[in-house]
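Colleague: Please take me through the reading of this model, feature by feature. For each one, give me the general idea before the particular case.

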Amino acid sequence: MAGWRENIRKVTPYVPGEQPKQAGQGRLIKLNTNENPYPPTPEVAECLKKMDTEAFRLYPNTDAAPIVEELAKRFGLPQECFFVGVGSDDVLAAAFQTFFSGTKPVLFPDITYSFYEVWAGLYRVPYRKLPLDGQFRIRAEDYIPVKREKGLKKDGNGGIVLANPNAPTGIFEPLSFVEQIVSQNPDSVVIVDEAYIDFVTMPKASAIFLTQKYENLLVVQTFSKSRSMAGMRIGYAVGQPELIAALNAVKFSWNSYTMNLPAQLLGAASLRAEEYFKETIAKVIATRERSRARLEELGFSCTDSQANFLFVTHPAAKAEDLLAELRKEDIIVRHFGADRIRNYLRITVGTDEEMERLVACLGEILRN
Ligand code: PMP
């Protein structure tokens, strides 16, 4: 075998949900990648129509000023507290490279966003997966470093990553839980991935404002779910300027122009439409709650998902069989093969009509 083959990086890549060619057309109901069923705010369409393509001649702003200015306004924080990237995957990958270059293991739950393990593998980050409890809750005590007798030795970690709400369970931990972990780990950067935070019904759910109190906290959010802009690839991190400067140093060692100009302008347009944003989220939450009740009537158990998806299992049916039967009806949902969740399906919340069809199909499948 030629030597160069041995030099190829060995990785186990993340497997994204299927993006079928006919999506958005005809009968297909796509409930597999947690996209928003509603379009982005009309301000985004307006902005796109008016876009001056002459500006594409030039490289985009490296500081993504149009979008960072709007983010700073929306959250009432200085611009130096924001880092933007090409989706939150890009931001999280940058954060893994930046903050997890130590020798102690980085901690995250055994059941969570499976990309964390992929980045740890890619960037050679040592890591440990800590089991969720029987109710799929994160056990806070597992993330608190143990102080040994006589204060001599401390079991530390190289960092912590938590998705809140967690994926694919949708389970949300309150801010006090996050604060406990962040405050007890002053020697580690704690990344809180809030991809689904806008669908949480509890007020003041986000840890963004805790970043002003804790220098070791980085909160990551995305435009892909609550802002209906998965196709634009926009994500951002919020943290104190020292963390953001460290992220930028790594980013500028890799690719200075990550976010293209249209994404910067369209993202900024979305941030100016707060009313529409709130309305869309309220619709998704209402449909989530209605759908959960309908699925429970069919005998499904559902986690208390606070995200834009439901995580469901049925005592009398194999999740994989349901997945295949739904596929025949042109309904795509997501199944993960990991041990404890093999008999679960993750179902994105679509429109009311889409969810009605899903429930009707599942009812039919279960009767046969
Ligand atoms: N974090 C979590 C928990 C997710 O489920 C996803 C979506 N797959 C992401 C981050 C990445 O989303 P995006 O790159 O579209 O912002």
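Modeller: Let us begin with the naming of elements: helices and strands are DSSP runs, numbered from the N terminus, a helix having at least four residues and a strand at least two. Please keep in mind that this is a predicted model.

Colleague: Which domains does the assignment give for the protein chain?

Modeller: The assignment gives domain 1 (3-41 + 275-367) and domain 2 (57-273). Taken over C-alpha atoms, the centres of domain 1 and domain 2 are separated by 24 Å.

Colleague: How many residues of each domain are in contact with the other?

Modeller: Contact here means heavy atoms within 4.5 Å. By that criterion, 35 residues of domain 1 are in contact with 38 residues of domain 2.

Colleague: How many cavities of 30 Å³ or more does a search of the whole structure find?

Modeller: A cavity is a set of grid points where a 1.4 Å probe fits but cannot get out. The search finds one of 30 Å³ or more, and the largest cavity has a volume of about 60 Å³.

Colleague: Which residues line the largest cavity, and which element gives the largest share of its lining?

Modeller: The lining consists of P39, P40, T41, S226, R227, S228, S270, A273, Y276, F277 and T280. The largest share, three residues, belongs to α9. By class, there are five nonpolar, five polar and one charged residues in this lining.

Colleague: Why does the largest cavity lie between domain 1 and domain 2?

Modeller: It lies between them because both domains give residues to its lining.

Colleague: What is the volume of the second largest pocket, and which residues lie nearest its centre?

Modeller: A pocket, in contrast to a cavity, is an open set of points. The second largest pocket has a volume of about 500 Å³. Its lining comprises 26 residues, of which R74, F75, D198, A205 and S206 lie nearest the centre. The lining divides into 16 nonpolar, four polar and six charged residues.

Colleague: Which elements each supply at least two residues of that lining?

Modeller: These are α3 (65-75), β7 (217-222) and α9 (274-297). The largest share, six residues, comes from α9. Both domain 1 and domain 2 give residues to the lining of the second largest pocket, so this pocket lies between them.

Colleague: Let us turn to single residues. Is Q264 buried or exposed?

Modeller: A residue counts as buried under 20% relative accessible area. Q264, in helix α8 (residues 261-271), has a value of 0% and is therefore buried. Its side chain reaches two backbone oxygens: that of N61 at 3.1 Å and that of M259 at 3.0 Å. Neighbours within four places in sequence aside, the contacts of Q264 are P60, N61, A64, A65, P66, I67 and M259.

Colleague: Is G159 buried or exposed?

Modeller: G159 has a relative accessibility of 0%, so it counts as buried. The residue lies in strand β5 (residues 159-163). Along the chain G159 and V190 are 31 residues apart, while their C-alpha atoms are separated by 5.9 Å. With neighbours within four places in sequence left aside, G159 is in contact with F100, P105, V106, L107, S188 and V189.

Colleague: What is the phi of K204, and is K204 buried or exposed?

Modeller: K204 has a positive phi of about 50°, although it is not a glycine. K204 sits in the loop between β6 (190-193) and β7. With a relative accessible area of 76%, K204 is exposed, whereas A64 is buried.

Colleague: Where does a cis peptide bond join an asparagine and a proline?

Modeller: That bond joins N164 and P165, with omega about -5°. Likewise, the peptide bond from A167 to P168 is cis, with omega near 0°. P165 lies in the loop between β5 and α6 (175-184), and P168 is found in the loop between β5 and α6 as well.

Note on methods:
Residues are numbered from 1 along each chain as its sequence is written. This is a predicted model: local features need pLDDT of at least 70, side-chain atom pairs count only at pLDDT 80 or more; totals for chains, interfaces and linings use all residues. Side-chain values use heavy atoms; hydrogens and water are left out. On a 1 Å grid over the protein atoms alone, a cavity is a set of points where a 1.4 Å probe fits but cannot get out, and a pocket is an open set with protein on both sides within 12 Å along at least five of seven lines; lining residues have an atom within 4 Å of a point. Grid points are joined across faces, edges and corners, and a volume is the space filled by probe spheres set on the points. Ala, Val, Leu, Ile, Met, Phe, Trp, Tyr, Cys and Pro count as nonpolar, Asp, Glu, Lys and Arg as charged, and the others, Gly among them, as polar. Domain bounds come from an automatic or database domain assignment. Buried means under 20% relative accessible area, exposed over 50%, partly exposed in between (1.4 Å probe, protein chains only). A polar contact is a pair of N or O atoms within 3.5 Å; within protein, one must be able to donate a hydrogen and the other to accept it, and residues adjacent in sequence count only if both atoms are side-chain atoms.
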